[in-house]
Amino acid sequence: AIEAELDWSSPTTTQCIGGPRPTEDGLRLVFKGTAGPDPLLVIIGVGIGEAVTAARNVPASVTVVREGAGEFFATQGDEKCAVDELNQDPVAGQLGRYRFTGRGYCTQPARAVGTGAGAVLVSRFDVDAIVEYPREP
């Protein structure tokens, strides 16, 4: 449904936020950028928490949203993608803030959700993001 090789390495062309999943069962990374004329959101869910500093073969999920078109594609579960290798390093002097780096892959496509059609295969992904874990006041 979307044919593009995304390279969102420039901070002027993409936005990224990271933090705990709303269900608090892992981490959520949200990237916003474009693929041609289309604004996209790519959401990667990773099954780790703040205490994990390094890991391999961690279950993951991928959701791709074509903003404005109302098209959603999701792997719907953590068994179709994985993060091969990841590191989560504390940012010096910033409690609860980490630099997350990792690379991963999906073995099955993210299929259209709702009334949409099509699929998006995210064969591999590399991420480098700042993640914030909220602190109690």
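I first looked up arginine 66, which counts as buried because its relative accessibility is 14% (buried means under 20% relative accessible area, exposed over 50%, partly exposed in between, with a 1.4 Å probe and protein chains only). The model is predicted: local features need pLDDT of at least 70, side-chain atom pairs count only at pLDDT 80 or more, and totals for chains, interfaces and linings use all residues. Residues are numbered from 1 along each chain as its sequence is written, and side-chain values use heavy atoms, with hydrogens and water left out.

I located arginine 66 in strand β4, residues 54-66 (strands are DSSP runs of E, at least two residues, numbered from the N terminus). I found that arginine 66 forms a salt bridge with glutamate 71, the closest N and O atoms being 2.7 Å apart (a salt bridge is a side-chain nitrogen of Lys or Arg within 4 Å of a carboxyl oxygen of Asp or Glu). Glutamate 71 counts as partly exposed, at 28% relative accessibility.

I then noted that the structure holds 11 salt bridges. One of them joins glutamate 85 and arginine 56, with the closest N and O atoms 3.3 Å apart. Glutamate 85 lies in strand β6 (residues 81-90) and arginine 56 in strand β4, so the pair ties together parts 29 residues apart in sequence. I recorded arginine 56 as exposed, at 56% relative accessibility. A network of salt bridges links Arg56, Asp84, Glu85 and Arg103.

I also examined aspartate 128 and arginine 99, whose side chains meet in a salt bridge of 2.4 Å, N to O. Aspartate 128 is in strand β10 (residues 124-132) and arginine 99 in strand β7 (residues 97-106).

Key:
Helices (H or I, at least four residues) and strands (E, at least two) are DSSP runs, numbered from the N terminus.
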